[in-house]
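Please read them alongside the model.

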Amino acid sequence: MKIKKSLYFTAAFFILVFSAILSISAGAVEIPLQDVLNVFLGKGTEINKTIIFSLRLPRLIVSAFVGMGLSVVGTFFQGLLRNPMADPYILGVSSGAAFGATIAIILNLGIFGLSFMAFLSAILTVFFVYTISKTGTRVSMTTMLLAGIAVSAFISAIISLMMLLNHDQFSRIIFWTMGGFGLVTWNNVYVSAPIITVGSFIMYLFSRDVNAILTGEESAEHLGVNTEFVKKLILAIGSLVTALSVSVGGIIGFVGLIVPHIARLIIGPDNRYLVPFSGILGAVFLILADLFARVLLKPMEIPIGIITAAFGGPFFLYLLVRSKQKSERM
Amino acid sequence: MDILKVENLSFSYGKKEIIKGIDFNISESMVLGIIGPNGSGKTTLLKNLSGYLKPSFGNVYVLNKNIKHLNIKEKAKYIGYVPQDIFYDFDFTCYDIVMMGRTPYLNRFQSEKLEDKQIVRESMEITNTWQFKDKSIKELSGGERQRVYIARALAQRPKIMLMDEPVSHLDIKYQLEILNLIKDLTLKGILVITVLHDINLAAQFCDKIFILKDGKIEASGKPKDVLNVKNIKNVFETDVVIFEDSETGSINIVPYLNRREQLKVV
């Protein structure tokens with residue numbers, strides 16, 4: 001069993017490296033592998049150097065970390081809520097971020113302002129959802145899920161209204177909400193990579209506790225797990241990671257929902273293995289999605305959210321049907 | 001030394017008082033059955049004993065330690081709990097589930113030691129679940145699943161094991177199997193406190209019985225002493241006839257409907 005798991009991890013790691021190399025090499029301008037190697041050895045042409053170091057590398061790193069972050073958060077939220085439909089956006093992060101971004105676009109605040117506003121309003125939204133679903137010191141996950149849906153619907157209505165009143169910005173807003181890494185710079189790397197890494201690691205420390213919570217919150221408490229603390233901590237850090245991811249790459253759907261499921265089908269429900277595995281798969285998934293977004297209709301770029309949903313949806317259905325057949329055979 | 005001592009325990013949900021001043025102490029391992037009508041506070045009492053719910057008044061002592069002052073991990077080393085509703089909508093193997101019982105003994109950075117593995121194996125052998133170790137919990141029957149969860153509580157190495165209707169969803173065969181297992185646990189020095197629905201099974205398997213009514217202990221003692229026509233009529237508002245059963249050495253309680261009395265009312 002252990003050997004099988006380390007085999008899966010090794011395979012996933014090689015796929016990650018392979019996708020990264022592919023993603024650096026392919027794009028609007030094709031850079032053959034030999035030339036990529038030359039650039040990293042310091043022998044490449046100036047133009048290749050610029051393309052790789054100031055465009056493709058930061059973009060690759062950010063998409064990998066965002067993919068990892070969203071998948072890790074999705075894995076934890078599905079576990080905490082014991083709900084397979086849960087994803088990083090359930091607490092209203094996505095609509096909150098879209099709200100901030102819409103305001104920033106209408107006010108023409110620039111790229112930095114946009115990221116900041118998206119982040120800020122995502123955090124505020126989650127905090128609001130959390131506060132209204134708290135009773136005493138306990139948090140009911142079901143109430144929280146419903147409150148998240150209600151608040152999201154309300155905010156979406158306001159966003160639609162703002163778009164209607166600012167017709168000239170319509171396409172920019174839509175484009176942002178569908179996600180993309182076209183504007184990523186090294187500054188995004190410096191902010192998002194460490195925070196997503198540290199956040200994911202802290203959550204990972206609570207894998208065993210979340211395992212116990214999967215068998216019931218009350219039951220976990222009787223095993224010596226401080227469920228309320230674990231829930232609050234993971235909700236807080238998970239939302240922070242999600243808000244940060246959204247502020248960099250827009251609302252990229254499906255990653256945080258399906259990658260955890262795919263990972264679970266392969267490696268099983270134990271969060272101590274599932275979380276890192278899901279993180280690696282998430283990184284691979286977004287690296288490849290970003291690659292497709294760049295090359296499919298080149299030189300035009302497709303918003304990455306379209307790719308993740310268009311490829312992720314059918315693939316997920318395939319897995320669902322397959323696992324259904326498998327359990328019927330049993 | 002008392003294994004469990006309960007002093008003037010009261011508990012309210014909001015304004016509604018569910019448990020109203022319960023006192024008792026137990027100094028030896030045994031099976032203690034709690035019976036009583038729906039809404040009499042059985043589950044609430046159990047959750048107060050486990051420390052999951054905080055009493056509004058009174059104290060619970062386990063081996064002379066007030067559980068109020070124990071942290072959540074320490075509590076889990078003294079008290080195991082087998083819940084009424086067991087979730088099993090995931091693919092954990094039975095071994096993984098039982099290993100969760102070692103959670104209170106492991107800190108965040110630690111992986112399971114040889115000792116933990118030995119205890120898990122032992123717990124699974126006692127409950128006759130070792131053969132399921134690599135099976136998913138989903139694939140088991142209700143009775144087998146119950147045994148796995150008892151094994152998990154056992155892996156906590158508790159002094160007290162609390163069970164909330166451990167046999168109510170099971171077939172007769174599994175009911176007897178689980179109750180037999182529970183009886184065996186007392187030989188290991190564990191005090192088992194269990195809520196039971198079936199009065200006859202309670203009479204047969206418990207060493208001592210509490211009859212709960214409106215959050216108070218209405219009667220307590222050996223099954224044969226407390227399970228009499230008068231007490232049952234008083235608490236369950238039901239007429240019964242009670243037979244001594246020479247075959248099992250226990251008593252047999254049969255409820256009956258007094259049709260004639262009912263007809264008069266109509």
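1. Six strands form an open sheet of mixed pairing in chain B, in the order β6-β7-β8-β3-β9-β10. Strands are DSSP runs of E, at least two residues, and helices are runs of H or I, at least four residues, numbered from the N terminus; two strands pair if DSSP finds at least two bridges between them. From one strand to the next the twist averages 20°.

2. This is a predicted model, in which local features need pLDDT of at least 70 and side-chain atom pairs count only at pLDDT 80 or more, while totals for chains, interfaces and linings use all residues. Residues are numbered from 1 along each chain as its sequence is written, with chains lettered from A and ligands numbered from 1 in the order in which they are written.

3. Five bridges join β9 (residues 208-213) of chain B to β10(B) in the antiparallel sense. Lys213(B) has Lys216(B) in β10(B) as its bridge partner.

4. Helix α5 (residues 142-155) of chain B packs on the sheet and touches β6 and β7 (160-164) of chain B. Its direction makes about 170° with that of β6(B). Axes are lines fitted to C-alpha atoms, for helices over the stretch in contact, and angles run from 0 to 180 degrees between N-to-C directions. Contact means C-beta atoms, placed from the backbone, within 7 Å.

5. Helix α6 (residues 172-187) of chain B also packs on the sheet, touching β3 (31-35), β7 and β8 (191-195) of chain B.

Notes. Contact = placed C-beta atoms within 7 Å.
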